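Here's a walk through the model you have open, written up by topic. Keep the viewer handy and follow along.

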Amino acid sequence: MDLSDLQEIAQKENAAAKPMRIRCCTAAGCLSQDGQALKKALDEAVAAEGLSDKVEVVGVGCMGLCSQGPLVQIDPDGPLYEKVTPADAPSIIASLKGEKCKARVGDPTIPFFSKQVPIVLENSGRINPERIESYIAVGGYQPLCHVVREMQPLEVCDLITNSGLRGRGGAGYPTGLKWATVAKTDAERKFVVCNADEGDPGAFMDRSVLESDPHRVLEGMAIAAYAVGASQGYVYVRGEYPLAISRLKTAIAQARRLGILGTGVFETRFDFRVDIRIGAGAFVCGEETALMRSIEGQRGTPRPRPPFPAARGLWGYPTVINNVETLANVPAIVRNGAEWFASIGTEKSKGTKVFALAGKITNTGLIEVPMGTPLKTIVEEMGGGVPDGGKVKAVQTGGPSGGCIPAERFDTPVDYESLAQLGSIMGSGGMIVMDEKDNMVDVARFFMEFCMDESCGKCVPCRAGTVQIYEILTKIREGRGKPEDLEVLRELCDMVKQTSLCGLGQSAPNPVLSTLRYYRHEYDAFITAKSGKAEAEANA
Amino acid sequence: MAVKTLTIDDKPVSAREDQTILEAAREAGIGIPTLCQLSGVANLGACRLCLVEVAGVPKLLPACVTLVQEGMQVFTNTERLREYRKMIVELLFAERNHVCAVCVANGHCELQNLAIAVGMDHVRYSYRFPKLEVDTTHEKFGIDHNRCVLCARCVRVCDEIEGAHTWDIAGRGAKSHIISDMNVPWGSATSCTSCGKCVQACPTGAIFKLGATVAEQIKDRTRLDFIVTAREKKQWVG
Ligand SMILES: Cc1cc2nc3c(=O)[nH]c(=O)nc-3n(C[C@H](O)[C@H](O)[C@H](O)COP(=O)(O)O)c2cc1C
Ligand code: SF4
Ligand code: SF4
Ligand code: SF4
Ligand code: FES
């Protein structure tokens with residue numbers, strides 16, 4: 001297998017494509033709304049109309065606008081249909097012959113689509129995630145072939161460093177630097193781990209990438225492995241993502257069969273094997289040291305760093321651990337160059353970020369925008385604001401580790417530093433929109449309950465501190481709070497943040513601290529009112 | 001092995017490069033409160049009592065797992081650290097049911113000693129009063145989960161020194177608890193050799209000798225050190 005073989009596969013695949021393609025979303029969101037039956041109905045309708053030689057129905061990954069799904073797109077240049085049911089299928093197919101279609105037509109020119117800059121999601125919703133040929137047809141695996149045949153490992157690290165790519169798993173650590181650390185360490189064995197645990201409530205970016213374009217992630221891993229000198233990789237996926245797991249399995253088997261993974265990648269001396277490890281759904285297992293313990297077959301609890309995984313990772317060997325989205329950027333950087341990537345985004349945050357829009361917002365779904373896009377553009381223009389004319393109050397980024405950003409600050413550009421300045425974090429990309437009806441004490445309490453339940457219990461501040469914070473929030477919410485409780489609350493939050501062992505505890509107080517910062521009056525209202533509950537109900 | 005020089009609470013100290021801040025401080029006669037740390041077994045960095053401040057490092061560092069570095073300026077007893085330590089001890093007292101007056105370890109308990117050391121005079125947090133079990137199925141020993149601080153010293157001592165790995169931790173967060181074997185009563189845990197090391201390792205009255213009454217359970221940590229030194233250095237001193 002070499003470049004010319006890849007090109008031949010691509011040519012064959014493109015030549016075999018029928019003149020008309022009907023793309024039908026088969027990612028989890030649309031599958032949950034009868035997407036599979038829809039695809040079948042479309043297939044049947046094509047056959048019934050006798051169009052089988054001209055039209056093919058392709059099951060693709062996520063097209064983004066999940067709230068309007070299932071989505072169907074007619075190529076080339078045909079309409080986009082929204083909320084399609086299997087009953088609409090005959091009418092859609094009939095419309096190909098010029099009849100009027102009864103299905104609801106969507107508008108692909110709305111800002112939700114037009115303001116996106118797809119890099120990570122460039123193939124999502126376009127290719128068939130279950131066929132490696134479909135990925136190769138759009139140029140897939142050419143970057144890996146180039147890397148292993150033409151580049152030195154340290155050149156690859158430099159390329160990624162120059163691109164300015166930073167980790168998309170939350171902390172934003174420079175990816176090239178991480179790789180170079182491992183590359184420069186002498187060790188008998190090294191590992192590459194893809195973190196697909198994605199435990200934040202409301203986040204589904206990584207799931208979507210794995211379901212829609214699994215080969216892209218494998219290619220990113222293989223490039224990382226070549227750069228650092230690893231020959232074994234693991235994808236750690238949560239068990240709640242059965243479709244992602246099955247597509248990854250298919251993808252790994254296909255890549256091995258073609259000699260793209262396994263022994264002698266692209267007929268070089270570089271070997272790379274990938275195995276899947278399935279997590280049991282503990283949020284803390286997304287933390288890198290806990291994740292590695294879990295892969296080793298032990299109880300998934302974090303340990304103090306240093307040593308960092310780059311120095312002592314899986315079974316004590318140097319290990320690169322990167323998020324799904326981080327790795328999915330890598331093939332594009334190799335293909336288009338570091339300068340291209342660095343030209344997108346802001347000075348310190350390069351490239352794009354995928355966000356999962358959820359909550360009180362008209363267009364829920366996945367979007368990919370350049371770093372530095374103002375929150376206003378994302379929430380109001382692309383997201384379409386609150387349905388039924390409500391008013392946006394705040395947006396929560398970073399899930400249980402992040403904070404609430406009030407609507408007054410929506411001119412803030414989304415990048416790592418700006419969000420941190422507002423007391424939130426970029427996080428992995430969950431964005432939950434809240435309207436005037438949402439009470440901020442409830443929001444804080446929701447996330448605190450999550451952290452309390454998900455604390456691994458190893459260190460005292462997080463294990464026992466979150467319980468006490470939750471208790472105080474409950475007291476306040478039920479109208480039993482006293483003014484001095486706020487002081488105890490603030491002290492506890494500070495202590496849990498400063499003294500906890502891992503990121504879970506260190507960031508667990510953020511939702512409370514950020515709501516205290518911007519919505520102190522809502523806490524006060526519960527405390528001063530005779531009965532906070534009555535007050536809250538009167539407000540609602 | 002290279003020697004590093006540093007200051008701990010402004011006192012110049014030298015230490016081997018493989019020593020932790022805690023070890024260096026102890027050698028220099030500077031006490032740092034600890035709970036999960038136990039000489040002879042691996043350090044966990046879990047209780048967070050030993051956190052110290054290091055000049056130029058924004059985060060607090062656990063002294064029990066942080067190695068010394070040349071030129072480090074360590075502060076072990078700042079106002080901020082004292083306040084955090086007090087809060088941690090209070091959280092521990094609020095978390096389970098520590099009724100010292102009726103405890104076998106009363107007067108010999110590390111949790112009690114810590115409370116005194118950090119100057120705890122009352123608990124600001126709400127007592128959780130969890131309903132927990134006392135397991136006295138073992139022929140010689142008992143475990144009272146009401147008094148457990150989840151330091152995992154029993155887990156490590158049984159695994160690393162005795163080699164039996166009878167203990168482990170199950171559950172998550174506040175529901176974490178110590179289990180024997182695959183969550184069977186201690187008396188049915190076939191891996192237990194009844195060596196008694198966990199009794200000595202446990203900082204509170206959670207693991208005790210059956211038959212001990214109030215304030216009788218004195219723990220002898222030097223036995224553990226003795227075994228480790230004997231095994232690793234072939235020196236029988238203690
Ligand atoms: C409690 C906790 C949960 C985490 N969960 C995830 C996760 O689900 N996915 C992820 O990529 N990183 C997660 N992280 C961050 C990882 O520890 C690690 O920083 C990341 O995988 C590194 O990859 P990156 O440099 O590509 O971002 C989590 C961290 C913490 C503290
Ligand atoms: S901060 Fe929480 S999750 Fe992290 S080690 Fe401590 S108890 Fe476990
Ligand atoms: S008595 Fe010995 S073997 Fe039994 S649990 Fe305790 S340390 Fe382990
Ligand atoms: S039983 Fe004792 S030694 Fe074991 S975790 Fe509890 S307090 Fe620590
Ligand atoms: S003694 Fe260092 S964290 Fe417990």
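## Salt bridges

Let's start with a charged pair in chain A: A:Asp438 and A:Lys360 make a salt bridge, with their closest N and O atoms 3.0 Å apart. This pair ties together distant parts of the chain, 78 residues apart. A:Asp438 sits in the loop between strand 14 (430-435) and helix 18 of chain A, while A:Lys360 is in the loop between strand 10 (352-359) and strand 11 (365-370) of chain A. Keep in mind that this is a predicted model.

As a general point, side chains of opposite charge can pair when their charged atoms come close. Over all chains, the structure holds 40 salt bridges.

## Where chain A meets chain B

How many residues of each chain are in contact across the interface? It's 29 from chain A and 30 from chain B. Together the two chains bury about 2,500 Å², and 57% of that is on carbon and sulfur atoms.

The rule finds 4 salt bridges across this interface. One example pairs B:Arg128 with A:Glu471, where the closest N and O atoms are 3.5 Å apart. There are also 17 residue pairs in polar contact between chain A and chain B, counting pairs with both residues at pLDDT 80 or more. On the chain A side, the elements giving two or more residues are helix 18 (440-454), helix 19 (460-477) and helix 20 (483-499). Helix 19 of chain A has the largest share, with 8 residues. Sorted by class, the side of chain A that touches chain B has 13 nonpolar, 8 polar and 8 charged residues.

## Around ligand 1

Now over to ligand 1, which has 18 residues around it. The closest are A:Gly169, A:Lys178, A:Glu198, A:Asn323 and A:Thr326. Which classes make up this shell? It splits into 3 nonpolar, 9 polar and 6 charged residues.

A few distances to oxygen atoms of the ligand are handy for checking a pose. A:Lys178 puts a polar side-chain atom 2.8 Å from an oxygen atom of ligand 1. From A:Glu198, a polar backbone atom is 2.8 Å from an oxygen atom of the ligand. A:Asn322 uses its side chain, with an N or O atom 2.8 Å from an oxygen atom of ligand 1. As for cover, ligand 1 has 610 Å² of accessible area on its own, and the protein covers 90% of it. Two elements of chain A give two or more residues to the shell, namely strand 9 (319-323) and helix 21 (503-507). Strand 9 gives the most, with 3 residues.

Ligand 3 has 14 residues around it, and B:Cys158, B:Cys192, B:Cys195, B:Gly196 and B:Cys198 come nearest. Helix 4 (153-162) and helix 5 (197-201) of chain B each supply at least two residues of that shell. By class, the shell around ligand 3 divides into 8 nonpolar, 4 polar and 2 charged residues.

The residues around ligand 4 include B:Cys148, B:Cys151, B:Cys154 and B:Cys202. Also among them are B:Val149, B:Leu150, B:Ile178, B:Pro203 and B:Ile207.

## Backbone details in chain A

Some backbone geometry is worth a look if you're preparing the model. The peptide bond from A:Gly69 to A:Pro70 is cis, with omega near -10°. A:Pro70 lies in the loop between strand 2 (55-60) and strand 3 (72-75) of chain A. Another cis peptide bond joins A:Asp75 and A:Pro76, with omega about -10°. The loop holding A:Pro76 runs between strand 3 and strand 4 (80-82) of chain A.

Which residue has a positive phi although it is not a glycine? That's A:Asp34, with phi of about 70°. You'll find A:Asp34 in the loop between helix 2 (28-31) and helix 3 (35-48) of chain A.

Terms used: Residues numbered from 1 in each chain as written. Chains lettered and ligands numbered in written order. Heavy atoms only, no water. Near = heavy atom within 4 Å. Polar contact = N/O pair within 3.5 Å; in protein donor to acceptor, adjacent residues only side chain to side chain. Areas by Shrake-Rupley, 256 points an atom, 1.4 Å probe, with all protein chains shown as cover. Helix = DSSP H or I, 4+ residues; strand = E, 2+ residues; numbered from the N terminus. Nonpolar A, V, L, I, M, F, W, Y, C, P; charged D, E, K, R; others polar. Contact = heavy atoms within 4.5 Å. Buried area = accessible area lost by both parts, 1.4 Å probe. Salt bridge = Lys/Arg side-chain N within 4 Å of Asp/Glu carboxyl O.
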